[in-house]
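The following briefing concerns one protein model and is arranged by topic. Please consult the sequence and the coordinates alongside the text.

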Amino acid sequence: MVTFTRGDYVCENESVIISANDIKNYAETSNDFNAIHLDFQSAVEAGFEREIVHGMLVMGIAESRLSVVFPTSFVVSYETKFLHPVLVGELLTISYVVIDEDLDFITIKIEVTIENGKIAIIGVIQFANVGG
C-alpha cells in the first residue's frame with residue numbers, strides 16, 4: 001500500500017489534449033449539446049476563441065487517473081471551480097497534490113492549467129477507504 005502525506009504529488013503531472021471528437025462523444029453521453037461546445041460560430045458569438053470543452057469532461061478525465069491510483073477507494077466529495085475556459089485542442093496539464101490525509105480519507109487538489117499558464121479549473125476530491 002502506498003501512503004501519502006500533505007504536499008505529496010499523487011502521480012506525475014498529466015498532459016492531455018481534448019479533441020472535437022471527445023467533445024462530441026461526451027455531448028452524446030451527457031446529453032449536453034450546448035452549441036458553445038460543438039459549433040465554432042456559436043462559441044465565437046458567445047465570446048470564446050473557439051469551441052470550449054465541457055468542464056466536467058475535463059474533471060472526469062482528471063478523476064479517472066486517480067481511480068487507478070486508488071482502485072479500492074470511492075469518492076465521497078468532489079468540488080470544482082471553473083476559472084477559465086478550456087478550448088478544444090488546447091494542451092492541458094493536470095496536477096494532483098495531497099492537501100489532507102488520515103487513515104480513512106485522502107483529499108487531493110486537482111489543478112488544470114491551460115497553454116497560457118493560467119489555472120483553468122481547480123478541483124478538490126476526497127476518497128474514502130484509502131487503506132483498502
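The count of salt bridges comes to 5, a salt bridge being a side-chain nitrogen of Lys or Arg within 4 Å of a carboxyl oxygen of Asp or Glu. The model is predicted: local features need pLDDT of at least 70, side-chain atom pairs count only at pLDDT 80 or more, and totals for chains, interfaces and linings use all residues. Residues are numbered from 1 along each chain as its sequence is written, and side-chain values use heavy atoms, with hydrogens and water left out.

- Side chains of opposite charge can pair when their charged atoms come close.
- One of the salt bridges joins the side chains of Arg6 and Asp100, at 3.0 Å from N to O. This pair links distant parts of the chain, 94 residues apart: Arg6 belongs to the segment before β1 (14-17), and Asp100 to strand β3.
- Arg6 is exposed, at 57% relative accessible area, whereas Asp100 is partly exposed, at 37%. Here buried means under 20% relative accessible area, exposed means over 50%, and partly exposed lies in between (1.4 Å probe, protein chains only).
- Glu28 and Lys24 form another salt bridge, with 3.7 Å between the closest N and O atoms. These two residues are separated by about one helical turn, because they lie 4 residues apart in helix α1.
- An α-helix has 3.6 residues a turn, so residues three or four places apart point the same way.
- Glu28 is partly exposed at 45% relative accessibility, and Lys24 is partly exposed with a relative accessible area of 43%.
- Glu111 is paired with Lys109 in a salt bridge whose closest N and O atoms are 3.0 Å apart; Lys109 is partly exposed, at 29% relative accessible area.

**Overall architecture**

- The protein has 4 helices and 5 strands, where helices (H or I, at least four residues) and strands (E, at least two) are DSSP runs numbered from the N terminus.
- From the N terminus on, the order of these elements is β-α-α-α-α-β-β-β-β.
- Taken along the principal axes, the C-alpha atoms fill a box of roughly 50 × 30 × 20 Å.
- Of the 132 residues in the protein, 36% are buried.
- Among contacts with a separation of 6 or more, 65% are between residues 24 or more positions apart, a contact being heavy atoms within 4.5 Å.
- The accessible surface is about 7300 Å², and 52% of this surface belongs to carbon and sulfur atoms. Accessible areas come from the Shrake-Rupley method with a 1.4 Å probe, and for residues only the protein chains shown count as cover.

**Helix α4 and its cover**

- Helix α4 (residues 55-69) has 15 residues and reaches 22 Å from its first C-alpha to its last, close to the expected 21 Å. The expected span is 1.5 Å times one less than the number of residues in the helix.
- Its buried residues are Gly55, Leu57, Val58, Met59, Ala62, Glu63 and Leu66.
- The cover over the buried residues of α4 includes α1 (20-30), β2, β3 (91-101), β4 (105-113) and β5.

- His54 is in the loop between α3 (40-45) and α4 and is buried, with a relative accessible area of 3%.
- A polar atom of the His54 side chain lies 3.1 Å from the backbone oxygen of Asp32.
- Beyond its neighbours within four places in sequence, His54 contacts Ile23, Tyr26, Ala27, Asp32 and His37.
- Val10, in the segment before β1, is buried at 9% relative accessible area.
- Leaving aside residues up to four places away in sequence, Val10 touches Phe4, Leu66, Val69, Phe70, Tyr96, Val98 and Ile108.
- Val10 and Glu51 are 41 residues apart in sequence, and their C-alpha atoms are 31 Å apart.

**Strand residues and the surface patch**

- Phe74, Val76 and Phe105 form a nonpolar patch on the surface, with about 260 Å² of accessible area together. Patches are made of residues with over 30% relative accessible area and no salt bridge, like charges being joined within 9 Å and nonpolar side chains (Val, Leu, Ile, Met, Phe, Trp, Tyr) within 5 Å.
- Phe74 lies in strand β2 (residues 74-82) and is partly exposed, at 46% relative accessibility.
- Val124 lies in strand β5 (residues 119-128) and is partly exposed, with a relative accessible area of 25%.
- Not counting residues up to four places away in sequence, Val124 touches Ser77, Tyr78, Glu79, Ile99, Thr107 and Ile108.

Notes
Polar contact = N/O pair within 3.5 Å; in protein donor to acceptor, adjacent residues only side chain to side chain.
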